[in-house]
Amino acid sequence: MAKAPKTATAPKHAMVLAAGLGTRMRPFNGRVPKPLVPVGGKALIDYVLDRLAAQGVERAVVNVHHLADQIERHLAGRKRPKIIISDERGELLGTAGGVVKALPKLGDGPFFHVNSDTIWIDGVKPNLERLAEAFDPATMDALLLLAPVSTSIGYPGRGDFTMAPDGRLTKRGERDIAPFVYAGAAILRSELFKDAPDGAFSLTTLFHRAEAAGRLHGLRLEGVWMHVGTPEAIKAAETAIAASAA
């Protein structure tokens, strides 16, 4: 687990990825963008934005592409955090290319980077707060929130990373099984995107570079992470949310 620096300061800005095509989320796909799919009576993206607001984030840059008008209308009335739209209607830029385009709106310091469709149940302390406390810009370019594969709901994969005792991460080999899956939330330094290529590309490319430099770290999620990738997974997530509120 990553060691928490005593002078940790929580980021005030966030990047929220909401531009994906959501092709696996049928029958919603084609009429409702995945960030607006309701889970327990609440749009997926609102779970994310509410957590960011509770953490004191003042500005959230949200990129849009697929059914962008619907997302913009949904977010128009939100006051906390302040929403800044990064328009990718003309070209879908991927998980990293979209951030590169939005960097001028995110400022120079570290920022939260969150998928709009990630959802989890917190433990005793909010996981975004734990990320902020654990992030050390002197030794990290990226601190990823990682969910244990064994306790995640709706996740059928083989994991993403192994984690050393000091929190440093190693990507799973092609034929291996890893104990942790990326939960779709992180704190990133803007320096991670130095010399990034133009156009569309994946954040995985930059994670590999940070891993090679020993600057890719992880923090184990406390609570339960839910992978809501298909309509069938929604019911399992709603059951877990209802049980946590009982």
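Analyst: Let's begin at aspartate 122, which counts as partly exposed because its relative accessibility is 24%, and partly exposed covers what lies between buried (under 20%) and exposed (over 50%). Keep in mind that this is a predicted model.

Who does aspartate 122 pair with? Its partner is arginine 51: the two form a salt bridge, with the closest N and O atoms 2.6 Å apart. This pair ties together distant parts of the chain, since arginine 51 sits in helix α1 (residues 44–54) and aspartate 122 in strand β7, 71 residues apart. Arginine 51 has a relative accessibility of 24%, so it is partly exposed as well. If you're wondering about the idea behind such pairs, side chains of opposite charge can pair when their charged atoms come close.

Now follow the strand. β7 (119–122) is part of what covers the buried residues of helix α6, and so are β2 (38–39) and β13 (223–226). So let's look at that helix. The 15 residues of α6 (residues 231–245) should span 21 Å at 1.5 Å a residue, and the end C-alpha atoms are 22 Å apart, which agrees. Which residues of α6 are buried? They are Pro231, Ala233, Ile234, Ala237 and Ala240.

A search of the whole structure turns up 14 of them. One joins arginine 215 to aspartate 141, with the closest N and O atoms 3.0 Å apart. Here too distant parts of the chain are linked: arginine 215 is in the loop between α5 and β12 (216–220), aspartate 141 is in the loop between α4 (127–134) and β8 (142–148), and they are 74 residues apart. Are these two buried or exposed? Arginine 215 counts as buried because its relative accessibility is 18%, and aspartate 141, at 11%, counts as buried too.

Aspartate 166 and arginine 168 make another salt bridge through their side chains, at 3.0 Å from N to O. Aspartate 166 has a relative accessible area of 36%, so it is partly exposed, and arginine 168 is partly exposed at 41%. Salt bridges can also join up into a network, as they do for Lys42, Asp46, Asp50 and Arg78.

One last stop is serine 190, in the loop between β11 (180–188) and α5 (203–212). Its relative accessibility is 18%, so serine 190 counts as buried. What surrounds it? Leaving out neighbours within four places in sequence, serine 190 is in contact with Leu103, Gly107, Asp108, Gly109 and Phe111.

Methods:
Residues numbered from 1 in each chain as written. Predicted model: local features only at pLDDT ≥ 70, side-chain atom pairs only at ≥ 80, totals over all residues. Heavy atoms only, no water. Helix = DSSP H or I, 4+ residues; strand = E, 2+ residues; numbered from the N terminus. Expected span 1.5 Å × (residues − 1). Buried < 20%, exposed > 50% of the residue type's maximum accessible area, 1.4 Å probe, protein only. Contact = heavy atoms within 4.5 Å. Salt bridge = Lys/Arg side-chain N within 4 Å of Asp/Glu carboxyl O.
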